[in-house]
Amino acid sequence: MSTNSTTHPTWLIAWMEAKEISLWGAADLRNFSTPSDQAGNRFPIAISFVIPMNPIIMDSIHKGPNQAYADEYTRVNKHINELSTTLSVEIKSRGFQSLPLAASVRSDPVNIKGDFPHKTAATRAGLGWIGRHCQLITRPFGSWVRLGTVFTDIEIPCGPPVKKNFCGSCMSCVEACPAKALKGSEWYPGLAREEILDVQACDQWKKEHYFQYHKGHNCGICSAVCPYGQRLLKKLR
Ligand code: SF4
Ligand code: SF4
């Protein structure tokens, strides 16, 4: 296959518009280890898309998660899984291979990660960068988003990948994290997650303090305080 095409297929643009997805793109993942489907197919490309969270709810979790946030997390993940499955079917109907990545599944509970990082696909697709809180930050929605990823072999223009972070001198998330799990590192492509986040400390804090929300899967304090999300509120007020 090649990625020499210079525009996205008209049907894909129309599909995104119909689903009201305003931020999406494609990532060239040829140098990454992507998951394979049941037939053993591996995929060089991922379509990455962003679904915003409710900013009022995100602003309500400065001191820790609440039920409204847990419900919003469930709602958005369900929506993403439905979109990813539908898009994958659509791609296959056009003669290509496709595999949707689940919105939030820890297939590796020991290392606390899934089959592939959604945020790697998103940065490679040019949708944003990784902040000091180890999450994707987008220009339109900050990090108050969740991500969908659909692997494919469809010919589609990719990227350009985002190559730097725009956190500047801000340390708000690092200072707000109750688990002291954020290391204050400035992200660049290829920087290991462990250099940014002590994932075990984060996970342990969530399990010990917020177990009532998806068995300790939710926190969100570091995202709530991020100025790239907070500025959304100014537009609402
Ligand atoms: S999710 Fe919570 S515990 Fe984990 S890094 Fe963010 S603020 Fe810290
Ligand atoms: S709170 Fe500040 S340092 Fe943390 S991710 Fe947002 S901009 Fe970056």
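Student: Which residues of β6 are buried on one side, and which on the other?
Tutor: A word first: this is a predicted model, where local features need pLDDT of at least 70, side-chain atom pairs count only at pLDDT 80 or more, and totals for chains, interfaces and linings use all residues. Residues are numbered from 1 along each chain as its sequence is written, while chains are lettered from A and ligands numbered from 1 in the order in which they are written. Helices (H or I, at least four residues) and strands (E, at least two) are DSSP runs numbered from the N terminus, and "buried" takes 20 or more other C-beta atoms within 10 Å of a residue's own, "exposed" 12 or fewer and "partly exposed" anything in between, with C-beta atoms placed from the backbone. Both faces of β6 are covered, with Val145, Leu147, Thr149 and Phe151 buried on one side, and on the other Arg146, Gly148, Val150 and Thr152.

Student: Which residue of β6 is the bridge partner of Ile47?
Tutor: Strands count as paired if DSSP finds at least two bridges between them. β2 and β6 pair in the antiparallel sense, over 8 bridges. Across from Ile47, the partner in β6 is Val150.

Student: And what stands opposite Leu99 in β6?
Tutor: β3 is another antiparallel partner of β6, over 4 bridges. Ser98 has Thr152 as its bridge partner. Opposite Leu99 you'll find Phe151.

Student: What distance does helix α3 reach from its first C-alpha to its last?
Tutor: α3 runs over residues 67-93, so 27 residues in total. The expected span is 1.5 Å times one less than the number of residues. That expectation is 39 Å, and α3 comes close to it, reaching 39 Å.

Student: Is Ile61 buried or exposed?
Tutor: Ile61 is found in the loop between α2 and α3. Leaving out residues up to four places away in sequence, Ile61 touches Asn66, Tyr69, Gly220, Ile221 and Ala224. With 22 other C-beta atoms within 10 Å, Ile61 is buried.

Student: How far apart in space are Ile61 and Cys222?
Tutor: In sequence, 161 residues separate Ile61 and Cys222. C-alpha to C-alpha, the distance in space is 9.3 Å.

Student: Which helix gives the most to the shell around ligand 1?
Tutor: A residue is near a molecule if its C-beta atom, placed from the backbone, lies within 6 Å of it. Residues around ligand 1 include His133, Cys177, Cys202, Cys219 and Cys222. α6 (199-209) and α7 (221-224) each supply at least two residues of this shell. With 3 residues, the top contributor is α6.

Student: Within what arc do the buried residues of α6 fall?
Tutor: Cys202, Trp205 and Lys206 are buried in α6. Those buried residues line one face of the helix because, seen down its axis (by the directions from the axis to the C-beta atoms), they fall within an arc of 95°.

Student: Which residues are exposed on the other side of α6?
Tutor: An α-helix has 3.6 residues a turn, so residues three or four places apart point the same way. Exposed on the other side of α6 are Lys207 and Glu208.

Student: Which residues come nearest to ligand 2?
Tutor: The elements giving two or more residues to the shell around ligand 2 are α5 (172-176) and α8 (227-236). Of the 13 residues around ligand 2, the nearest are Gly131, Cys167, Cys170, Cys173 and Cys226.

Key. Contact = placed C-beta atoms within 7 Å.
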